[in-house]
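Hello,

Here is the structure I promised to pass on to you.

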Amino acid sequence: MSERLGDLLVKEGKISTDQLREALKQQKEKGGRLGTNLVQMGLIEEEELVALLSKHFGVSAINLSKVDVDEAVIKIIPADIARKYTIMPVSKAGAKVTIAMLDPTNVFAMDDIKFMTGYNVEPVVASESAIRSAIDKYYGSTHALELKKVMEDLDDTGGGDLEVLDEEPEEFDIDALEEESDEAPVVRLVNIILTDAIKRGASDIHIEPYEKRYRCRYRVDGLLYEVMNPPLRLREAITSRIKIMAKLDIAEKRLPQDGRIKIRTKIDNKDKELDYRVSVLPTIFGEKIVLRLLDKDNLMLDMTKLGFEVESLNRFQHSINRPYGMVLVTGPTGSGKTNTLYSALGSINKPSTNIMTAEDPVEFNLPGINQVQMKESIGLNFATSLRAFLRQDPNIILVGEIRDFETAEVAIKAALTGHLVLSTLHTNDAPSTINRLMNMGIEPFLVATSVNLVAAQRLVRRICNFCKEPVDTPPAALTAIGMSEREARSTRLFQGRGCEKCGHTGYKGRVGLFEVMEVDDEIRELILNGASAIELREKAIESGMITLRASGLQKIKDGVTTIEEVVRETVD
């Protein structure tokens, strides 16, 4: 269809003859379809191309992202045929199956399908990216196809190009390991799961057993996506393999276990070393495994790129550069607190300072900083570590989390005796952190005199820069979430159309929303008088605090994120 498509686009005035010649030249050099090359060169939009083909060939166009395809329809066309012809079955009625195609004139594909299935084919037109995305969604990714080969290839002894690294080399009794966990298909499958997560930009891997199915999900930019369903019969073998890699007890299936996997592998022809934090939890149908991917390349140590507004960043930097006092970062699990604290440590880490950290677990190794891993089983907890730190002549102390009165008490005493203390808490916003400390049993005067600043944070997804486009939204949608009418009228909104780079989600990466409350003299006075979180909040806003919602509105105005993301993560 290449030549005909090119001529058609020139005839319709969509591209010039010179542009067609350039696209054909690129196609000859790089391969691929002419339409794909034209889209990549920015000469035509995919939707425009689909509409033109639909009109020219007299067939309907379809938006696959808005269609739910029945499983019975998927079974009509094998995955290898769908990928070979870049087609997607959509529906069936009687002896007819509707197929989404790039080229509705491809008689070879239609004849092949008719011969194979016995169904007559009704073609509809869809974009290449939409068809490929639908194939991955319904048939599984190319890694899922590799999984199928793994299941069939029982004689292959290869384990993939991945090497497990020992942080502390240990001797294993090989005879005690479950035999099936060492079989090549299981080894390769686990390696596929670990490396595919890196390629997709996942932060967590969830491997979950149910009564009649077994599923693997990845958390990408904060949301979970189902990526594959390994055979249920491999449940025990997969669990044992991951436990062996994480140096856990494969015989213990009744209690939760935590471990760590360190691997070296090749991604895009580059050697990468990666850490996975492993949590194993017994459920009624087997052990659920969650692996948190700790990729040093994703650690953002430049504080100016985390998402702070200028005024909030100035306040935060002023507080972490003070010689003593406490700086608290709050937010739910997975909101980026650790990244913010590591960034803070990176900016104040000098040869003249002694920095000690107590973490559970130590997520990243930071040069020049003394990091201690908590081990509750032997009594090494945050409070014990803090007391030991005070005998180590520290300037700056980081406590992974203040969970109880004992840890809070020691941390506050350290802040009041000439040390800068950084830590985290789980609270909904900055002002309620003060009340949380007092509810733990800390006296108001100790809180008021020790705490310098509280920063609450959330993560929202960034609009993908590769498919970002303006979108018309009524100003009322912005005023409804707290923006002034004047700002709403002048704000230009954007959204991601969805492309290969962002997995057709419209989002790529995340950015922080920050609420930074500096504890000044007026707020100290309120704390001493037992003020509520609401009163503290009102005074902080009066003093210039940018709330989480206001931070989100600023990101919308800057074209960084969408209304939906801000509403999902913040409240008025």
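Asn 452 is found in strand 16 (residues 451-463); helices (H or I, at least four residues) and strands (E, at least two) are DSSP runs, numbered from the N terminus. This is a predicted model, in which local features need pLDDT of at least 70 and side-chain atom pairs count only at pLDDT 80 or more, while totals for chains, interfaces and linings use all residues. Residues are numbered from 1 along each chain as its sequence is written, and side-chain values use heavy atoms, with hydrogens and water left out.

Back to Asn 452: its relative accessibility is 2%, so it counts as buried (under 20% relative accessible area, with exposed over 50% and partly exposed in between, using a 1.4 Å probe and protein chains only). Leaving aside residues up to four places away in sequence, Asn 452 touches Ser 319, Arg 322, Tyr 324, Gly 325, Met 326, Glu 518, Val 519 and Arg 524 (contact means heavy atoms within 4.5 Å).

Two of those residues, Gly 325 and Met 326, also turn up in strand 11. In strand 11 (residues 325-330), 6 of the 6 residues are buried, so the strand is largely enclosed by the rest of the structure. Gly 325, Val 327 and Val 329 point one way, and Met 326, Leu 328 and Thr 330 the other way. In a regular strand the side chains alternate between the two faces of the sheet. Strand 11 pairs with strand 16 in the parallel sense over 5 bridges (two strands pair if DSSP finds at least two bridges between them), and Thr 330 stands opposite Ala 456 there. With strand 15 (residues 420-425), strand 11 has a parallel pairing over 6 bridges, where Met 326 has Val 421 as its bridge partner.

Strand 5 (residues 202-209) is worth a look too. There, 8 of the 8 residues are buried, so strand 5 is largely enclosed by the rest of the structure. A hairpin of 4 residues joins strand 5 to strand 6, and strand 5 pairs with strand 6 (residues 214-220) in the antiparallel sense over 7 bridges. Ile 205 stands opposite Tyr 218 in strand 6. Strand 5 also runs antiparallel to strand 10 (residues 286-294), joined by 4 bridges, with Ile 207 opposite Ile 289.

Now for an open sheet: 3 strands form it in the order 1-2-3, with mixed pairing. Strand 1 (87-93) and strand 3 (120-125) stand at the edges with a single partner strand each, so one side of each is left without a neighbour in the sheet. Strand 1 pairs with strand 2 (residues 96-101) in the antiparallel sense over 6 bridges, and Met 88 has Ala 100 as its bridge partner in strand 2.

What about helix packing? Phe 382, Ala 383, Leu 386 and Arg 387 in helix 14 meet Glu 406, Thr 407, Val 410 and Ala 411 in helix 15. The residues of this contact divide into 5 nonpolar, 1 polar and 2 charged (Ala, Val, Leu, Ile, Met, Phe, Trp, Tyr, Cys and Pro count as nonpolar, Asp, Glu, Lys and Arg as charged, and the others, Gly among them, as polar).

Finally, Ser 532 lies in the loop between helix 20 (521-528) and helix 21 (533-542). Ser 532 is partly exposed, with a relative accessible area of 30%.

Best wishes
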